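Have the model open beside you as you read.

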Amino acid sequence: MEKQTSPYRWGMVVDLDRCSGCGACVVACQAENNVAICGKKEIAEGRNMHWLRIERFWVGEYPNVRARFLPVLCQHCRDAPCEPVCPVYASYHNPDGLNGQVYNRCVGTRYCGNNCPYAVRVFNFYSHQWPKPLENQLSPDITVRTRGVMEKCTFCIQRIRRAKEDAGGEGRLIRDGEVQPACAQTCPTEALVFGNLADPRSRVARLVRSPRRFRLLEHLGTHPSVYYLKGGGREHV
Amino acid sequence: MKRRTFLQLGGMTAAGAWLSGCRSANEKLIPYLVPPDEGVTPGRAEYFASACRFCPAGCGILVRVSEGRAKKIEGNPDHPVNRGKLCARGQAILQEVYHPDRVPQPLRRSGPRGSGKFTPISWGEGLSLLTGQLRTLQRERTTERLALMTPQLQGTLADLAARFMATFGSPHHIRFDLLAPDWLRAANRRSFGQASLPWYDIAGTRYLLSFGADFLEYHLSPVHYGFAFGRMRQGRDTVRGHFTYVGGRMSLTAASADRWMPARPGSEGALALGMARLILSESLYDAASLAANGLRPDRLSAGLEGYDLPRVAQLTGLSQQVIAEVAREFATTPPSLAMAGEMVAFQENGAEAVRAVQLLNVLVGNLNRPGGVYPGGGPVAGPENSFADLLALVEKMRGDRMGVALIHGDPLHAIPQTTGFPEALGRVPFIVSFSPLLDDTALQADLVLPDHAALESWGDVIPLAAPRGTVIGLMQPVVTPLHDTRQFPEVLMTTARELGGGMAAAFPYQSYQEMLKETMKRELHPAGGIDLETVWVDLLRQGGLFKTEGKRGKGYRWRAEAPIPLPAEPRFAGDERRFPLHLQVYPSTAFYDGRGAPLPWLQQLPDPMTTVVWDSWVEINPGTAAGLGIGFGDLVEVTSPRGSLRLPAVIYPGIRPDLVAIPMGQGHRGMGRYAAGRGANPLVLLALPPSETGPLPAWNATRVRVARISKEGGLVTAGNPEGSYRGELIEI
Ligand code: SF4
Ligand code: SF4
């Protein structure tokens, strides 16, 4: 395990016992990060640009059937399979444990996307439009990605940066709960909790100690920073 | 002067300048957060508080504004309804402002009705056309020939509309809204003698039993109850609240349940009574509660004689063992909570079925206690049968007794055709629409006077579900109006002023904003004598008036004269042999009743249960589909006694074999490029079952048949129909 050089190791907990699958987080992410509007054709080609998707699984058969929801976003792996394959270092690891993507370095080989076991990287196969005056909604904090560039969830790094500036100005560290990505901020059931895993007293660090904890595709050894908590009960369905 | 102060002043002047566009130059925009001390970065976004009126839940919002443009909508953490959270729809209303197909100025029809041909005109011309029509009614002393159709308005706007119509001299203000909780008010009046809406303490309950109440999607206040649901599950150290859902279709809400009971459509009330009878016979009831409600267990038992377990099992299609188990769990896990929702109320016997569910709460003592149900703090009064008002209006329109219809909303899309509304409206000589987009109703209008988008408007929003006290969200124009539009209430007021006389006298205000201030003044201090200006600035900054302390009102108590609820055998429209399947229409998670369809974020949002994007579909049980030779994505035809529709099929494991379901929201003729011509509107299929007492709003009582047409359904899903193609993700 490499040495921790930053006081932060950002991570997220997704409590599947709370998540209702409502999709509020998906729209929050799209709004915050200037994620492109994709039409039917593009989605039919499997090229939806959403950074965060809700997987829906049917388990069992009528009448003993259940539906399960699984929000999937970039897992910000500590040993990220997408990083070493990028020939131009566009996919990189930052000291806070974030898996970053430098848009203006990306040359569009899509190796990273192919190597991601969670299929959370999305590629701009098209040049996306915001018909006038819809472009007014675009956030000035985020670059609008052009055709040929790979993109993905950043844990809303612009918010983390701003929180760091604010905290730095006051000579302190970011407080627990002070910064959250757009998805966690809006989630009605508070299924998504974001915070500093390096701080054992943070809410996310406490939740991660839950016996309900698991990670996606743990056997691949990617060491994701996103932890899931199993849905409890539901024994009768 | 500190740098920060300087920049703040600069910002305020700019804000003042924007607002002169909506005739309120003396107003400054009050940011929600005072920026931190080290200064305002030029270009750094500011937040302004407002309220969401997309659905009647009325959540509080904060709008991030940068350089005069709205960038993002977030929940207002101080608002007691949504506490900083928002649903997908509330966040997407941003796209209402910047929608590329907004009506930029008033339009006059220039081709035949419905041709979509309009000529742009000025507001002066538009208003004189409207006042001209109204003057004619006044001159001919036929003011009752004016109709106003709106959704169920609240607060100042409701007051304004009522005053407008009363002063003008017309009783025809119709507030019909398919999803409005009239049915719940009516049931509460019949059972408890008060029509106030309930507030459910979901966060505090240990056993939640929902009869078709989809409180995580659209029922009353989805964000409020979604928040509570998270707490019910994992917010307490030692208790995880249990959730059982009753309903023939597994809704998004039902998907979160521990147990799903797919009762036969129309049998939900009988199921509730079967449980009640079992609770009585096994003496699991709360004797104190029955006594407090003036009910005697022996009499109740006698009244519920017919609801023995074998019969209820046969009526509902559920096993006796499961029914008994749930009844016992419900009675022995206090505090428990039973809720009834639209999917039960919209059955032909829905009115009594809802009351049967209420009886369960009385029986085990869930009224007025933590973890149970209280009379809520939302709007006290509201329509209890706006459907009857609608039918009466349709009758008058048919008889050529209406001269002018002013319409806010899109009733041509949102009112089922079986009411006869579309043809009847066609007979009204002059139709005015206030829609910001050319929706289905605006396309039929003679005059379109486009309203502002929500983020450009003033208003007050009274949430449907609030625990107690007074909660009023304030809407303020957080951005300058983009087009030459005017706010609907402002237009009514200007019209009244132009008409002069009593009409002008009824509105002694400079602007709608001033009227709004008056309302708030009354709310704050009925006796008067406060410095409103200071308080007003505070209210705008925080997003409204949130008084959540104080005593609760009078609790629920079963009325002495209230009869025991006895839902009759359900009736359906359509003969069982010709139409073997039941049809359920349900509000779409993304579009609600259809008002979200023009927003591309919502079109692109995969439907949570099916992952379908940009479309509508019909859900069919896998067994039923196999029997009909229908595969996933096939184009099928759904036929009811009233009409037929073609749309793609989704094979849906969570639905009864004798039921098919179609989401509401698509199938618009107009409403801009993202919605027009997309998908199908299931309301055209609805027929109303026969009834001696006149038609009932039984929207889930239509029978249909389904036939396969071709392979080309054109359906696109964001996910694999079976779940993720990376199946190993499943470890849950
Ligand atoms: S917003 Fe929360 S509850 Fe809704 S889908 Fe996302 S994680 Fe689940
Ligand atoms: S629940 Fe209704 S009021 Fe609240 S954010 Fe969603 S649409 Fe708006």
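## Aromatic pairs

Over all chains, the count comes to 23 aromatic pairs, where rings of Phe, Tyr and Trp (its six-membered ring) pair if their centres lie within 6.5 Å, and planes under 30 degrees apart count as stacked, over 60 as edge-to-face and the rest as tilted. B:Tyr200 and B:Tyr225 have ring centres 6.0 Å apart and planes at 55°, so this pair is tilted. Because B:Tyr200 lies in strand β8 of chain B and B:Tyr225 in helix α7 of chain B, the pair ties together parts that are 25 residues apart in sequence. B:Tyr200 is buried at 5% relative accessibility, and B:Tyr225 is buried at 1%; buried means under 20% relative accessible area, exposed over 50% and partly exposed in between (1.4 Å probe, protein chains only).

B:Trp614 and B:Tyr674 also form a tilted pair, 6.2 Å centre to centre with 45° between the planes. Over in chain A, A:Tyr8, A:Trp10, A:Phe155 and A:Phe194 form one aromatic cluster.

## Helix α16 of chain B

Which residues of α16(B) are buried? They are B:Ser386, B:Phe387, B:Leu390, B:Leu393, B:Val394 and B:Met397. Just after α16(B), B:Asp400 takes a positive phi of about 55°.

## About the model

This is a predicted model: local features need pLDDT of at least 70, side-chain atom pairs count only at pLDDT 80 or more, and totals for chains, interfaces and linings use all residues. Residues are numbered from 1 along each chain as its sequence is written, chains are lettered from A and ligands numbered from 1 in the order in which they are written, and side-chain values use heavy atoms, leaving out hydrogens and water. Helices (H or I, at least four residues) and strands (E, at least two) are DSSP runs, numbered from the N terminus.
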